[in-house]
Amino acid sequence: MFESVNIYIVSVAVVVLASVALLFVLLKNKNKDGDASDGRCSENGGIGSDDAKTYDSASSMNDSAGNSSSDSAFQDGVNNGALDSTSGGVETRQRPDTGGLPYVLVAEDNISNYKLIEVFLRNVAVTENAVNGKKAVERVREMDYDMVLMDIKMPVMNGLEATKAIRQFDKNIPIVAVTANVLDFDRKTALANGCNEFVTKPVVRNQLIAVVETYKRK
């Protein structure tokens, strides 16, 4: 009888130990599966420690690039503003060596009329041509002329509009209206819009030379 009891107890103990061992193995495998699952999540769906570092680094680079771009744009804006503000300034305009002769801009769209004025003023002044009022304004911004002979009827921008535009940044340069309009009303209109003198066409050589001599630099 005792022998049968001992065999039963040993059998039960073996079963219990086997069950405990099996439970241990199952728990261990479950833990491994959980770790593997966490690892896959980190790689595919989440941001692991390495990924986080990469993300932070990329974000920092983007922020840095964004700031640099913004700063660059601002700097360009500042630089452009500075250039624009000084390029039209009287003190920055260029002047070639004229040998002591007056430096005259002739705003005239008719090349034949310009050539005639050029001949009239030969050995009296150094002349340049602007083919319309807009070009005349641009040239006066760039170059240090002694005076402007301003035709009134021109394409793109007429002489009166050009004169008013020039007066926005240079109130001192002499501007002489040269026009076929001969009425007193035309003369008053030209003077009211900023011209200093009024010369009618066809241009008379001695009259033109007298005007240049009057307004040349002392």
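## Two helices side by side

Let's start with a helix pair. Helix α4, spanning residues 133-142, packs against helix α5, residues 159-167, at an angle of about 20°, and their axes are 8 Å apart. An angle under 35 degrees counts as roughly parallel, so α4 runs roughly parallel to α5. Keep in mind that this is a predicted model.

The crossing of α4 over α5 is right-handed. On the α4 side, the contact is made by Gly133, Val137 and Val140, and α5 brings in Ala162, Ala165 and Ile166. Sorted by class, that contact has 5 nonpolar residues, 1 polar residue and no charged ones. Glycine is classed as polar here, so Gly133 of α4 is the polar member of the set.

## The sheet

Next up is an open sheet of 5 strands, paired in parallel and ordered β2-β1-β3-β4-β5. Which strands stand at the edges? They are β2 (126-130) and β5 (197-200); each has a single partner strand, so one side of each is left without a neighbour in the sheet. On average, neighbouring strands are turned by 20° against each other, direction ignored.

Zooming in on one pairing, β1 (residues 103-107) and β3 (residues 147-151) are joined in the parallel sense over 4 bridges. Within this pairing, leucine 105 has valine 148 of β3 as its bridge partner. Helix α3, made of residues 111-120, packs on the sheet and touches β1, β2 and β3. The direction of α3 makes about 170° with that of β2; angles over 145 degrees count as roughly antiparallel, so α3 and β2 fall in that class.

## Salt bridges

How many salt bridges does the model have? The count comes to 11. One of them pairs aspartate 146 with arginine 95, with 2.8 Å between the closest N and O atoms.

A couple of backbone details are handy to have when you look through the loops. Lysine 201 and proline 202 are joined by a cis peptide bond, with omega at about 0°. Proline 202 is found in the loop between β5 and α7 (205-215).

The other detail concerns asparagine 123, whose phi is near 70°, a positive value in a residue other than glycine. Asparagine 123 is placed in the loop between α3 and β2.

Key. Residues numbered from 1 in each chain as written. Predicted model: local features only at pLDDT ≥ 70, side-chain atom pairs only at ≥ 80, totals over all residues. Heavy atoms only, no water. Pairing = 2+ DSSP bridges. Axes fitted to C-alpha atoms, helices over the stretch in contact; angles between N-to-C directions. Contact = heavy atoms within 4.5 Å. Parallel < 35°, antiparallel > 145°, perpendicular 65-115°, else oblique. Left-handed = near helix turned anticlockwise from the far one by under 90°. Salt bridge = Lys/Arg side-chain N within 4 Å of Asp/Glu carboxyl O.
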